[in-house]
Amino acid sequence: MPTLLTYSEACAILKMKLPTLYSKVSRREIPHVRLSGRDVRFDADELARWIDDRRVRVGAVAPETPEH
């Protein structure tokens, strides 16, 4: 069974303010589980993957976009 976190617990892990997390959930920018209506939880493992996916690797260079 996954470890499900509340908004407060997720904010503490992410070092994010509550309104920012609410906004990310409403825009579907962060993985979450909607148990019912407004009852939202965050899978701890999914949050860890989400954080890792956003990690900037050393020496990584953003691809150049062609100018028009």
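Residues are classed by relative accessible area as buried (under 20%), exposed (over 50%) or partly exposed in between, with a 1.4 Å probe and protein chains only. The structure is a predicted model, in which local features need pLDDT of at least 70 and side-chain atom pairs count only at pLDDT 80 or more, whereas totals for chains, interfaces and linings use all residues. Residues are numbered from 1 along each chain as its sequence is written, and side-chain values use heavy atoms, with hydrogens and water left out.

The chain contains three helices and three strands, taken as DSSP runs numbered from the N terminus (helices, H or I, at least four residues; strands, E, at least two). From the N terminus on, these elements follow the order β-α-α-β-β-α. The C-alpha trace spans about 45 × 25 × 20 Å along its principal axes. Of the 68 residues, 22% are buried. The accessible surface, from the Shrake-Rupley method with a 1.4 Å probe, comes to about 5700 Å², and carbon and sulfur atoms account for 53% of this area. With contact defined as heavy atoms within 4.5 Å, residues 24 or more positions apart contribute 42% of the contacts in the chain that have a separation of 6 or more.

The three strands form an open sheet in the order E1-E3-E2, with antiparallel pairing; two strands are considered paired if DSSP finds at least two bridges between them. Strands E1 (4–5) and E2 stand at the edges with a single partner strand each, so one side of each lacks a neighbour in the sheet. E1 and E3 are joined in the antiparallel sense by two bridges, and Leu-5 has Phe-42 as its bridge partner in E3. Strand E2 (residues 33–36) is joined to E3 by three bridges, also antiparallel, with Arg-34 partnered by Val-40. The hairpin of E2 and E3 has two residues between the strands, and Gly-37 there takes a positive phi near 45°. Arg-38 likewise lies in the loop between E2 and E3 and counts as exposed at 82% relative accessibility. The C-alpha atom of Arg-38 is separated by 21 Å from that of Ile-13, 25 residues away along the chain.

In soluble globular proteins, nonpolar side chains tend to be buried together. A nonpolar core is defined here as a set of buried Ala, Val, Leu, Ile, Met, Phe, Trp, Tyr and Cys residues joined through side-chain atoms within 4.5 Å. The largest such core comprises 13 residues, and those with the most contacts inside it are Tyr-7, Leu-14, Leu-21, Val-25, Ile-30, Phe-42 and Leu-47. At least two residues of this core are supplied by each of H1, H2, E3 and helix H3 (44–53), and H1 provides the largest share, with four residues. Neighbours within four places in sequence aside, Val-25 is in contact with Tyr-7, Ile-30, His-32, Arg-34, Val-40 and Phe-42. Lys-24, in helix H2 (residues 18–26), is also buried, with a relative accessible area of 18%. Residues up to four places away not being counted, Lys-24 touches Met-16, Glu-29, Ile-30 and Trp-50.

Two aromatic pairs are present. Rings of Phe, Tyr and Trp (its six-membered ring) pair if their centres lie within 6.5 Å, and planes under 30 degrees apart count as stacked, over 60 as edge-to-face and the rest as tilted. The ring centres of Tyr-7 and Phe-42 lie 5.2 Å apart with the planes at 75°, so this pair is edge-to-face. The pair links distant parts of the chain, with Tyr-7 in helix H1 (residues 7–14) and Phe-42 in strand E3 (residues 39–43), 35 residues apart. Both Tyr-7 and Phe-42 are buried. Ring pairs join Tyr-7, Tyr-22 and Phe-42 into a cluster.

Most residues other than glycine have a negative phi. Lys-15, which is not a glycine, has a positive phi of about 55°; Lys-15 lies in the loop between H1 and H2 and is exposed, with a relative accessible area of 73%. Arg-28, also a residue other than glycine, has a positive phi near 55°. Arg-28 is placed in the loop between H2 and E2 and counts as exposed at 74% relative accessibility.
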